[in-house]
Amino acid sequence: GEMERKRREYFDAGVKFVWMVDPPTRTISVFSSPEDSRDFAEGDTLDAGHVLPGFTLGIQELFSELDRGDRTQERTLDPPMA
């Protein structure tokens, strides 16, 4: 319910797309209206259409970067060995 409310607010404010990233499923849902969406998985590439001409994002690349960031954060949180 909360995410649906936020999507409506974004579209009411004039946004053209809402991208919802779901790391556990490694998918991205692209909403073109509060109710209409298309799902993308790791083998797919997103583009921003006429909103950002020429912009593309490989979903596998995005999640690989997020994975690297998680590992980096885990290493920095580990206490030093005595």
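Biologist: Why is R68 called partly exposed?
Modeller: R68 has a relative accessible area of 40%. Buried means under 20%, exposed means over 50%, and partly exposed lies in between (1.4 Å probe, protein chains only); R68 is therefore partly exposed. This is a predicted model, in which local features need pLDDT of at least 70 and side-chain atom pairs count only at pLDDT 80 or more, whereas totals for chains, interfaces and linings use all residues. Residues are numbered from 1 along each chain as its sequence is written, and side-chain values use heavy atoms, with hydrogens and water left out.

Biologist: What makes the pair E65 and R68 a salt bridge?
Modeller: The term requires a side-chain nitrogen of Lys or Arg within 4 Å of a carboxyl oxygen of Asp or Glu. The N to O distance between E65 and R68 is 2.3 Å, so the pair qualifies. E65, at 44% relative accessibility, is also partly exposed. Both residues belong to helix α2 (residues 59-77), where they stand three residues apart, about one helical turn. Helices (H or I, at least four residues) and strands (E, at least two) are DSSP runs, numbered from the N terminus.

Biologist: How many salt bridges does a search of the whole structure find?
Modeller: The search finds seven. Another of them joins E4 to R8, with the closest N and O atoms 3.5 Å apart. E4 and R8 lie four residues apart in helix α1 (residues 2-12), about one turn of the helix. At 38%, E4 is partly exposed, as is R8 at 33%.

Biologist: How do you know that R26 and E42 form a salt bridge, and which parts does the pair tie together?
Modeller: Their N to O distance is 3.0 Å. R26 sits in the loop between β1 (18-22) and β2 (27-31), and E42 in the loop between β3 (37-40) and β4 (45-48), so the pair ties together parts 16 residues apart in sequence. The relative accessible area is 22% for R26 and 27% for E42, and both residues are therefore partly exposed.

Biologist: What makes I28 part of the largest nonpolar core?
Modeller: Such a core is a set of buried Ala, Val, Leu, Ile, Met, Phe, Trp, Tyr and Cys residues joined through side-chain atoms within 4.5 Å. I28 belongs to the set of eight, together with V30, F40, L46, L57, I59, L62 and F63. The elements giving two or more residues to this core are β2 and α2, and α2 gives the most, with three. Leaving aside neighbours within four places in sequence, I28 has contacts (heavy atoms within 4.5 Å) that include F40, L46, I59, L62 and F63.
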